[in-house]
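Dear colleague,

Please read them with the model open beside you.

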Amino acid sequence: MANILVVDDELGIRDLLSEILNDEGHSVDLAENATQARIARAAHGYDLVLLDIWMPDTDGVSLLKEWATAGTLTMPVIMMSGHATIDTAVEATRIGAFSFLEKPITLQKLLKAVEQGLARTSAPPAPAAPAVSSAATQALPAAAAATASASESGQVPQPAHAVPQPVVATGPNSHQGFDLDRPLREARDGFEKAYFEFHLAREGGSMTRVAEKTGLERTHLYRKLRQLGVDLGRSKRSQ
């Protein structure tokens with residue numbers, strides 16, 4: 001789960017982005033102008049910021065420049081606008097913006113940009129190669145010679161200690177049994193509940209992805225899940 005700040009003067013945009021990102025399991029704060037964004041940034045450390053360019057008090061590019069100058073541009077910032085020129089986008093990128101989204105923002109572009117921004121934030125450093133002791137280095141030729149000798153004699157060398165193999169998680173079970181010896185409505189409800197629980201578990205509780213996978217509108221999907229008694233928080237808690 002990431003902490004994300006959405007800065008946009010349009011209420012509808014804020015609500016939409018907040019709903020989508022919350023469904024993805026992120027914690028979202030909202031700001032309707034640069035003043036609120038400054039206060040939020042000073043009080044919290046964010047993993048990502050979605051920043052509108054055209055706002056009534058201070059435009060997004062100027063706010064981005066403030067953060068860069070003050071040394072507080074420590075998180076990826078994705079600029080958003082429906083009227084920005086190429087020059088504006090280039091300037092924002094030069095200042096330090098991670099990427100640019102043109103409104104109206106499609107769901108696929110939003111999720112991809114957020115995923116890429118968070119990947120840059122959380123990318124771990126490359127692990128250092130393990131040091132090999134001089135004793136181990138000297139033992140390598142002897143071990144290789146012993147292996148070659150065993151191969152020539154037809155014997156297969158056995159390890160001193162068997163290493164247990166890791167158990168690989170298989171995820172939610174896609175094959176389930178159902179009691180068909182009951183009324184049709186009950187059997188159908190049981191199947192539908194198991195169907196939606198399976199897809200919620202596989203998609204990590206993301207209502208956005210489940211809606212796309214099942215071909216249902218989000219509002220209809222919410223209503224259907226409540227009707228079936230599906231626990232919407234179960235799949236997220238199990239991660």
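Are α3 and α4 roughly parallel or roughly perpendicular to each other? Before the answer, please note that this is a predicted model, in which local features need pLDDT of at least 70 and side-chain atom pairs count only at pLDDT 80 or more, while totals for chains, interfaces and linings use all residues. Residues are numbered from 1 along each chain as its sequence is written, and side-chain values use heavy atoms, with hydrogens and water left out.

The axes of α3 and α4 (lines fitted to C-alpha atoms, for helices over the stretch in contact, with angles from 0 to 180 degrees between N-to-C directions) come within 10 Å and cross at roughly 15°. The two helices are therefore roughly parallel to each other, a term that applies to angles under 35 degrees. Where they meet, Val61, Leu64, Lys65 and Ala68 in α3 are in contact with Thr88, Glu91, Ala92 and Ile95 in α4, contact being heavy atoms within 4.5 Å.

Helix α3 covers residues 60–70, and Gly60, Val61, Leu63, Leu64 and Trp67 in it are buried (under 20% relative accessible area with a 1.4 Å probe, protein chains only, whereas exposed is over 50%). What covers the buried residues of α3 includes α2 (34–43), β3 (48–52), β4 (77–81) and α4 (86–95). At the start of α3, a side-chain oxygen of Asp59 reaches to within 3.1 Å of the backbone nitrogen of Val61, and the helix is followed by Gly71, whose phi is positive, near 75°.

In α2, the buried residues are Ala34, Ala37, Ala40 and Arg41. They cover an arc of only 120° around the axis, which puts them on the same side of α2, while Ile39, Ala42 and Ala43 are exposed on the other side. Their cover includes β1 (3–7), β2 (27–31) and α3.

Finally, Thr58 lies in the loop between β3 and α3 and, at 18% relative accessibility, counts as buried. Its side chain makes a polar contact with the side chain of Arg38 (3.3 Å), where a polar contact is a pair of N or O atoms within 3.5 Å, one able to donate a hydrogen and the other to accept it.

Best regards

How values were computed
Helices (H or I, at least four residues) and strands (E, at least two) are DSSP runs, numbered from the N terminus. Angles under 35 degrees count as roughly parallel, over 145 as roughly antiparallel, 65 to 115 as roughly perpendicular and the rest as oblique. The arc is that of the directions from the helix axis to the C-beta atoms.
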